Structure formats: structure tokens, C-alpha cells
Amino acid sequence: MLTVRNLLRPTRRVHAHCDIPCGVYDPEQARIEAESCMKIIEKYDASDDEVFRARCIDVKEERAELVKHHLDVLWHDYFKPEHLEKYPNLHETFWKATKQASKVKQGVDAGAARELLSMIDTIDEMWKSTGGPEKTRVNGRPS
Amino acid sequence: MIQQGGRAWPLLFALGLVAGAAGSVALLRRLDVVEVAGSSMAPGLLPGDRLLVESISYARRRPAAGEVVLARDPRSPARELIKRVADVQGSRLQLRGDAPEASTDSRDFGAVAVDGVRWRAILRYWPPGRAGRLPGASG
């Protein structure tokens, strides 16, 4: 059936492609998606329109998946063994944050989404204190 | 005469409906919606952004510098790229990502043939907070 929802569903993915590990990393990417999750949950809670609420869940799950993706990339590609020496709890921090992202994906708990934000902020501090803004952003990171 | 005219109206109406439907289908086939993957167009376009693309303009004219277009990756034709036209050189286009330090584009695979570029990105409709015409989109 031809519905507005079907019309707006992307028919394909197009690639803003970069095939070199380019060394550009920033926890902000994960944070923006996590903020989306939190705001969407708030909108979900405030609405009694079932169609809107269904869309909220759909989009929130998608965004939570992106949080996991961005955290994984930081974890695998940015952080190096010397960072682990400085932060022995690095692996556990990421493990917990990505688990928290799964929790946000599965549920509609605004508290869980806020907790996820604070976990990403912890990772952000690790990224900053290991020279992330200067090393991985072009001309440093706009503050 | 009056009777004949009266009988003609339903026919005209039906023809109008058919023409309208055919026109709508033709228009829909020249519009499409796509989702962005990858970050080489950041900060303008981010992964997950959903865009309206159209193939009307390039049926009539060539792409112009500054426009955001879809093109086959010459090295891997299954992959459809989204990049900005940096320069038009005859029948070849130089494509660039907006984040040049994090983009694979014409600097790596050379200029692409203008004939292969049919779709132009004109607006973002998702996420709603950043919905609107794309920066640099003309016409």
C-alpha cells in the first residue's frame, strides 16, 4: 500500500565513503545519537498518538544502534595499548557503555538514556586526556 | 448535440484521471529517497541522514559545481557514492567529500563520466531537526 511512511522509507544507501582508516574520531558522534534517543523517549512519553509512538520506537532503536557503532569504532580504532595503561578500566568502560546502549535500544527508559550520556562523557574525558581533539580532529576540535 | 456532449464528459474525466495517474507515476520515478552512510560529507551530511534525490535536472542539463550528486564508485560499481561536484571538466566531473581529509573521491579514483551521474540530492527530510534544503543545492 502506498503510504507516507513507505514513501519516506529510503530505497537505498548512498555512501559518503572513505576507504582509509582516516584517524578522525570523536565521542561527540556517539553522544549526538544518544541525545536523540533521550529526546525521542521524552517525546514518546509525552504522546498518546500510537502511530507517533511506534515511529519513536523505530527511530530510537536505529539511533541506539548507531551509538553502539560509534562507540565500537572508538574502542577498536582510536584507543591504543598505551591508553589502556593510563586507563586500566578502559575495556570495562566501553563494555558497560555499549551494554547501556543496548538497554536504551530495548526499552523506553529516559533514565537509562541519561545514564548512557554520562557514560559517553566518561569516554569523552578519556579521549580528551589522551590528546584526542588535537590528534584526531582537523585543526583540533572546535570547542 | 447536448446528449453527445453529456456522454463525452465521463470519458474526458476518465482520460484526465489516467493522464494524472501516469504523470504522478512518472514524477515518482524521478524522485527517490536515500539514506547516507559514512562521514565523508560531514558536517553537512551525517550517517543516517535521509535525503530526497531527483533525476529531473540532469536529464536536461549537466551537473554544476557545488551540487551534491550520486555516482557509482568507479572502483566498485555496486557502491553508490554521494559526493559534491568540485569541478566540471568537459564531460568529466571532479567529486569531493565535504570532509576532504576523511573522504575517498576523485583525488583517488579520478574524474567520473558525467553520463553516469543522474541523481541530484536536493533536501534532507530526516532527522526533522536538520530538515531542509541542502547547503549548496541550487535551482
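Colleague: What makes the meeting of A:Lys96 and A:Glu92 a salt bridge?

Modeller: Their side chains come to 3.1 Å, N to O, and the term asks for a side-chain nitrogen of Lys or Arg within 4 Å of a carboxyl oxygen of Asp or Glu. So the pair qualifies. Bear in mind that this is a predicted model: local features need pLDDT of at least 70 and side-chain atom pairs pLDDT 80 or more, while totals for chains, interfaces and linings use all residues. Residues are numbered from 1 along each chain as its sequence is written, chains are lettered from A and ligands numbered from 1 in the order in which they are written, and side-chain values use heavy atoms, with hydrogens and water left out.

Colleague: How are A:Lys96 and A:Glu92 separated in helix α5 of chain A?

Modeller: By about one helical turn, because they are four residues apart in that helix (residues 90-106). A helix here is a DSSP run of H or I with at least four residues, a strand is a run of E with at least two, and both are numbered from the N terminus.

Colleague: Are A:Lys96 and A:Glu92 buried or exposed, or something in between?

Modeller: In between. A:Lys96 has 43% and A:Glu92 has 42%, so partly exposed is the word for both.

Colleague: Which parts does the bridge between A:Arg63 and A:Glu33 tie together?

Modeller: In that bridge the closest N and O atoms are 3.2 Å apart. A:Arg63 sits in helix α3 (residues 50-78) of chain A and A:Glu33 in helix α2 of chain A, so the pair ties together parts that are 30 residues apart in sequence. Both A:Arg63 and A:Glu33 are buried. Over all chains, a search of the whole structure turns up 23 salt bridges.

Colleague: And A:Ser36, where does that lie?

Modeller: Also in helix α2 of chain A. At 24% relative accessibility A:Ser36 counts as partly exposed. From A:Arg63 it is 27 residues away in sequence and 6.9 Å away in space, C-alpha to C-alpha.

Colleague: Why do you call α2(A) and α6(A) roughly antiparallel?

Modeller: Helix α2 (residues 28-46) and helix α6 (residues 110-129) of chain A pack at about 165°, with axes 9 Å apart. The axes are lines fitted to C-alpha atoms, for helices over the stretch in contact, and angles run from 0 to 180 degrees between N-to-C directions. Under 35 degrees counts as roughly parallel, over 145 as roughly antiparallel, 65 to 115 as roughly perpendicular, and the rest as oblique. α2(A) and α6(A) are therefore roughly antiparallel.

Colleague: What does that make α3(A) and α6(A)?

Modeller: Roughly parallel. Their angle is about 25°, with the axes 13 Å apart.

Colleague: What makes up the nonpolar surface patch?

Modeller: A:Val4, A:Leu7, A:Leu8 and B:Leu28, over about 340 Å². Patch residues have over 30% relative accessible area and no salt bridge; nonpolar side chains (Val, Leu, Ile, Met, Phe, Trp, Tyr) are joined within 5 Å, like charges within 9 Å. Helix α1 (residues 4-8) of chain A gives the most, with three residues. A:Val4 lies in that helix and is exposed at 61%.

Colleague: Where are the cis peptide bonds between B:Ala42 and B:Pro43 and between B:Trp126 and B:Pro127?

Modeller: B:Pro43 lies in the loop between β1 (31-37) and β2 (50-54) of chain B, and omega for its bond with B:Ala42 is about 0°. B:Pro127 lies in the loop between β7 (119-126) and β8 (132-133) of chain B, with omega about 5° for the bond to B:Trp126.

Notes:
Accessible areas come from the Shrake-Rupley method with a 1.4 Å probe; for residues, only the protein chains shown count as cover. Buried means under 20% relative accessible area, exposed over 50%, partly exposed in between (1.4 Å probe, protein chains only).
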